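Morning, everyone. I'd like to walk you through one model today. Please have a look at it first.

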Amino acid sequence: MSAAIWAITAFLFSAGLAAVVLRRQLLAMLLGVELMIAGVNVALVHYAGRYADAEALAAVAVVIAVAAAEAVVGLSLILKVLRSGRGLDAGDLAELRG
Amino acid sequence: MTLWAVMIAGAVAASFAAAMLLSRSLYVGAVCLLVVLLQTALIFLLRGAPLLGLLQVMIYAGAVMVLVVVTIMASGGTPAAERLADFTVPRWAAAAAVAAVALELVLTLAAARAVPEAAPALAPASGDYASAFGVSLFRSYSLATEAVTLLMFLAGLAVLPEKEAP
């Protein structure tokens with residue numbers, strides 16, 4: 001079981017990381033981050049069940065809530081960028097205002 | 001039985017993660033991520049954490065993915081949004097996905113029926129474990145829980161519309 005869980009976790013995390021690194025669209029990068037978090041949560045839940053560790057489950061619940069807040073803030077930032085007329089491409093955001 | 005269900009859920013999740021990575025359409029990526037999150041919720045359920053599976057479905061599939069789709073819709077007019085027409089699935093892939101979901105359902109129901117016999121493997125589903133989860137969430141993780149509550153409030157403020165300048 002652990003080998004299967006590790007394979008799932010590794011694949012999901014790698015796919016998410018590849019989406020963050022390779023894709024240029026901000027939304028696709030955010031979706032990649034969510035994929036990485038989901039992959040890590042799978043391994044955490046598996047080992048929490050294996051060792052009957054309720055604190056690990058509490059940690060996963062906190063991670064899910066933080067990931068939801070991160071997604072909300074990320075999406076609102078993306079909408080702000082869209083309203084400013086700079087498009088969805090991460091390459092257009094290479095300069096700071098200063 | 002549980003192992004097979006987890007492996008099928010993992011294979012479906014991996015397939016849709018690959019599809020999300022390879023697809024150029026944002027809509028397809030969002031739908032693929034939704035399937036991946038539902039499959040991970042099923043894995044949570046099979047590994048004895050039904051509450052976390054429920055949270056995953058409610059928060060991600062119910063809330064975050066709706067926000068993602070609304071954001072994609074708000075970005076209308078961009079080349080990414082115009083690729084909505086790419087949202088087609090080959091028939092063999094759709095048939096394979098339906099077969100996998102049906103098999104998952106059968107295996108999950110069979111694993112749920114086998115819980116009393118396989119008590120050591122699925123012991124975390126017991127009431128003591130669930131109560132220990134609640135106790136750790138509001139005792140050892142109480143500060144983190146309060147911080148997350150504050151964070152959710154601040155995240156809610158972030159999406160409030162700004163007052164238009166006159």
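Let's start in chain A, where the axes of H1(A) and H2(A) come within 7 Å and cross at roughly 165 degrees. An angle over 145 degrees counts as roughly antiparallel, so H1(A) is roughly antiparallel to H2(A). The crossing of these two helices is left-handed. Who lines the contact of H1(A) with H2(A): how many nonpolar, polar and charged residues? There are 19 nonpolar and five polar residues, and no charged ones.

Keep in mind that this is a predicted model. It scores ipTM 0.89 and pTM 0.82. For chain A, the mean pLDDT is 87, and 97% of the residues reach 70 or more. Within chain A, confidence is lowest in H3(A), at a mean of 86. It is highest in H1(A), at 92.

One residue in chain A to point at: A:Ala67, in helix H3 of chain A. Buried or exposed? A:Ala67 is buried, because 21 other C-beta atoms lie within 10 Å, and the cut-off for buried is 20 or more. Set aside the neighbours within four places in sequence, and A:Ala67 is in contact with A:Glu34 and A:Ile37. A:Ala10 is another matter. It sits 57 residues from A:Ala67 along the chain, and the two C-alpha atoms are separated by 19 Å.

Now chain B. Its secondary structure is six helices and zero strands. Along the sequence that reads α-α-α-α-α-α. Chain B has 166 residues, and 32% of them count as buried. Take the contacts in chain B with a separation of 6 or more: 65% of them join residues 24 or more positions apart.

How confident is the predictor here? The mean pLDDT of chain B is 78, with 80% of the residues at 70 or more. Among the elements of chain B, helix H2, residues 26-46, has the highest mean, 89. Helix H5, residues 127-138, has the lowest, 78. Then there is a stretch to treat with care: over residues 117-124 of chain B, the pLDDT is below 50. Beyond near neighbours in sequence, that stretch has nine contacts in the model.

Helix H1 of chain B, residues 2-22, packs on H2(B) at an angle of about 165 degrees, with the axes 8 Å apart. That angle makes H1(B) roughly antiparallel to H2(B). H1(B) passes H2(B) in a left-handed crossing. On the H1(B) side, the contact residues include B:Ala9, B:Ala13, B:Phe16 and B:Met20. On the H2(B) side, they include B:Leu33, B:Val36, B:Thr40 and B:Ile43. By class, that contact has 16 nonpolar and five polar residues, with no charged ones.

One more residue in chain B: B:Ala112, placed in helix H4, residues 91-113. B:Ala112 counts as partly exposed, because there are 15 C-beta neighbours inside 10 Å. B:Phe153 is 41 residues from B:Ala112 along the chain, and their C-alpha atoms are separated by 37 Å.

On to the two chains together. 45 residues of chain A are in contact with 53 residues of chain B. Which elements give two or more residues to the chain A side? Helices H1, H2 and H3 of chain A do. H3(A) gives the most, with 20 residues. By class, the chain A side has 37 nonpolar, six polar and two charged residues.

The axes of H3(A) and helix H6 of chain B, residues 142-158, come within 9 Å and cross at roughly 20 degrees. Under 35 degrees counts as roughly parallel, and therefore H3(A) and H6(B) are roughly parallel to each other. The crossing is left-handed. From H3(A), the contact residues include A:Val62, A:Val66, A:Ala69 and A:Val73. From H6(B), they include B:Ala144, B:Val148, B:Leu151 and B:Met152. The count for this contact is twelve nonpolar, two polar and no charged.

To wrap up, here are two points to take away. H1(A) is roughly antiparallel to H2(A), while H3(A) and H6(B) are roughly parallel. And when you look at chain B, remember residues 117-124, where the pLDDT is below 50. Thanks, I'll take questions.

How values were computed:
Residues are numbered from 1 along each chain as its sequence is written. Chains are lettered from A and ligands numbered from 1 in the order in which they are written. This is a predicted model: local features need pLDDT of at least 70, side-chain atom pairs count only at pLDDT 80 or more; totals for chains, interfaces and linings use all residues. pLDDT is the predictor's confidence in each residue, from 0 to 100. Helices (H or I, at least four residues) and strands (E, at least two) are DSSP runs, numbered from the N terminus. Two residues are in contact if their C-beta atoms, placed from the backbone, lie within 7 Å. A residue is buried if 20 or more other C-beta atoms lie within 10 Å of its own, exposed if 12 or fewer, and partly exposed in between; C-beta atoms are placed from the backbone. Axes are lines fitted to C-alpha atoms, for helices over the stretch in contact, and angles run from 0 to 180 degrees between N-to-C directions. Angles under 35 degrees count as roughly parallel, over 145 as roughly antiparallel, 65 to 115 as roughly perpendicular and the rest as oblique. A crossing is left-handed if the near helix is turned anticlockwise from the far one by less than a right angle, and right-handed if clockwise. Ala, Val, Leu, Ile, Met, Phe, Trp, Tyr, Cys and Pro count as nonpolar, Asp, Glu, Lys and Arg as charged, and the others, Gly among them, as polar.
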